[in-house]
Amino acid sequence: MQLLSGNEAIARGAWEAGATIGAAYPGTPSTETMECFASFDDVYAEWCTNEKVALEVALGASAAGARVLVTMKHVGMNVAADPLFTASYTGVGGGLVVLAADDPGMYSSQNEQDSHYFGAAAHIPVLDPADSAEAIKFAREAYELSERFDVPIIIRSSVRISHTKTPVEVGERLSYVQKDYERAPSKWVMMPAYAKPRRLVQLERIDELAKWAGECPCNRVEMRDASIGVICAGAAYQHVREALPDASVLKLGVTWPLSEEQIRDFASSVDKLYVVEEASDYLTSAVKACGVEVSGFPRELPRYGELSPRLVREAFDLSVPETREVPDDLPGRPPALCPGCPHRLVFRELARIKAIVTGDIGCYTLGALPPLNAMDTCVDMGASVSMSHGFELALAGQQHRPVVAVIGDSTFAHSGLSSLITTIYNQGAGTVCILDNRTTAMTGRQGNPFNGETLQHRESRELDLMGLLGSLGVKNAVQVDPLDAKAVRQALKAATKEQADELSVIVFKSPCVLISRERKEPYFVNGNCVACGMCISLGCPAISKDGETGIASIDTMQCIGCGQCTQYCPSNAIELLGA
Ligand SMILES: Cc1ncc(C[n+]2csc(CCOP(=O)(O)OP(=O)(O)O)c2C)c(N)n1
C-alpha cells in the first residue's frame, strides 16, 4: 500500500500496464504525471513542444505497437484536438491513454473547461477516477480497453483528484510484449477513401462501447435511502458522499459513453434524481438526453468553480457546519514575480513607454498586475505574437502606441514560433520580446528546446534561438540582458521606433532565479530614501514602503541581491548590506 496522488497513481498504473513510452507538455494539474512516469525503469518519456505534438508522437508509437501514455492539462486538449478526433478513426496499435487534467476553479488556468466534452465529441471513452486507488486501477484497465476496442482512452482527472494523495494498492509491472508493426494504410491513412469506412467502424464501436459501459465494474450503484438519488463522478462523488451520506448514488467511472439503461434503472429506483457535477452541465444534459427527469436543487449549485461538501449541502438546503469567518482586514497577498526575476524590468520599461502589450501565458503573465500593469491581453499559449500582428493590422495607418508581444521561451516553442512565421510571411511589423529565462518556470522548471534539457536527462542540444530568428529572416533581432535597465530601455526604444515598418525581435536572456537559487549579498535602504516610490514601482516582493511616510525598506531575508532596484533609485538610497 502506498500513498499516491492521482497523478502518481495514473503514472504507476500506466507503468504497471506495460506502457513503455510517455509524451507530454507540462500544465497544471497534470505535470507530475509524466515526471513520475519518467522515473520508472524501462520507460522512455519526453517533453514535447506542445500537446498536439505529444499526442502525435504517442500515436506513432502506438501504431508501431507500444503502449503509450500522453498527459496534458485541459487546455492542452484544445491544442491536441486535431489528432485526437482522427485518432478515434484510426484507432490504436498498442494501447494509448490520454490524461486530461481539468482545473475547475481555475487555480492555475485561463479558463475552466470540461474535458468530458472531448470524449463525447471525438467518440473516445472517458474514465473518471474519484481517488488514487481508482486512478491506478483505471489506468491499468485503460490499456486493455484501448486495445480491445481499438480506440484511445481518455482518463479525465481534475485538480482535486490529480493532487490529493490517497492509499493505493500497487502491483507488479505486466510483461507486455510490444506488438509487431503491421502496415495497414486503410486504418492509418485518413484520406476520404479510407476515412469513410473508418467512420463506420467508429459508429459501430460507439454502440459496443455503450453496451460495455452498462456492464463495466467502473460504474456502480450504491443504494441507500431511496428518497434522494445522485448521479456523479470524479471529485464530485467524494463531495456528495461527505455531504449526503445517506443518499443513493450512481457513481460513474465511465463518463462517456453512458449506459442509458443503467441511468434509467437508477432513476426509477429513487424518488428524486439529481446530478452533481463541477463547473459543467455535461452529465446533467447527458442524463436528460436519456429521457430521465433531473430534479432542480432546492437552492442553487454553483455553475462554475470547484465544488465542496459545503456547497453540495447548501444546494440541498441542509445545515452546514459552522466555520469561522475570514477576517476582512487580513493583508492581501497578490501573486508577484519572484525577487530577482529577470522578467521584471522588461515590464517596468514597457509600462514606461505605454506600449500596447499583447501578453502570453507563463510566470511573466504577472506583469499584468499592479504595480507593473504592463499587459493588455493574454488569451492562450502563443497568442501574444499573433494578437500583436492583429493589432498592427487594425491600427495600420493610425498614430498608435507601440505594439509589443511578450512571450516566454517555452511558450515560444509551444506555439509562438508558428505565430511569428505568420507575421514574417505577411510582412508584419511590431516588436516581439522573447523572455528567455532558460526554463519553463511556471509549471516547475521543466526542460524545453531552448535550454536543451530533457525529461530523463538524456543528451540533447540547445536550440539556437538567435540563429533560428536569423534563419527565419528577422533582420532586427538582438539579445539583451534583462537585468540591465539601461540596455532594456534602449532595446525597446530602438525596436519600437522601427516598428511601423519592420518586425523587431528582442531576446531577453537571463536564467530564472529558481534555477541556480543563488543568493548574493542583500541590499538595504539607507537614510537617503526620499519616498519617491521608484523602487516600489518594480513590484519586488522584497521591497515595501511605510504606510505613512512612504519610505522604502528591503526585507533582507527575501532580497537575493540582484540589484535591479538600485538602477531605479534616484537618490542612492539602496546599498549592499555588507558594503
Ligand atoms: C495549451 C496549454 N498548455 C499548457 C499550459 C500550462 N502552461 C502555462 S504557461 C506554460 C509555460 C511557461 O513557460 P515559459 O513560456 O518559458 O514562461 P516562464 O513561466 O518560464 O516565464 C505552461 C506549460 C497552458 N496554459 N496551456
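Let's start with D409: a polar side-chain atom of D409 lies 2.6 Å from an oxygen atom of the ligand. I'm calling that a polar contact, meaning a pair of N or O atoms within 3.5 Å. T411 makes one too, with a polar side-chain atom 2.5 Å from an oxygen atom of the ligand. S410 takes part through its backbone, where a polar atom is 3.0 Å from an oxygen atom of the ligand. Overall, the protein covers 98% of the 600 Å² of accessible area that the ligand has on its own, by the Shrake-Rupley method with a 1.4 Å probe.

A quick word on what you're seeing: this is a predicted model, where local features need pLDDT of at least 70 and side-chain atom pairs count only at pLDDT 80 or more, while totals for chains, interfaces and linings use all residues. Residues are numbered from 1 along each chain as its sequence is written, and side-chain values use heavy atoms, with hydrogens and water left out.

Now, the neighbours. There are 26 residues around the ligand, and E51, C363, D409, T411 and A441 come nearest; near means a heavy atom within 4 Å.

Which helix gives the most to this shell? Helix 16, with four residues. Helix 16 spans 409-425, and helix 4, at 74-90, also supplies at least two. Helices here are DSSP runs of H or I, at least four residues, numbered from the N terminus.

Finally, domains, whose bounds come from an automatic or database assignment: domain 1 (2-176 + 187-215) and domain 3 (344-516) each provide at least three shell residues.

Conventions:
A polar contact is a pair of N or O atoms within 3.5 Å; within protein, one must be able to donate a hydrogen and the other to accept it, and residues adjacent in sequence count only if both atoms are side-chain atoms.
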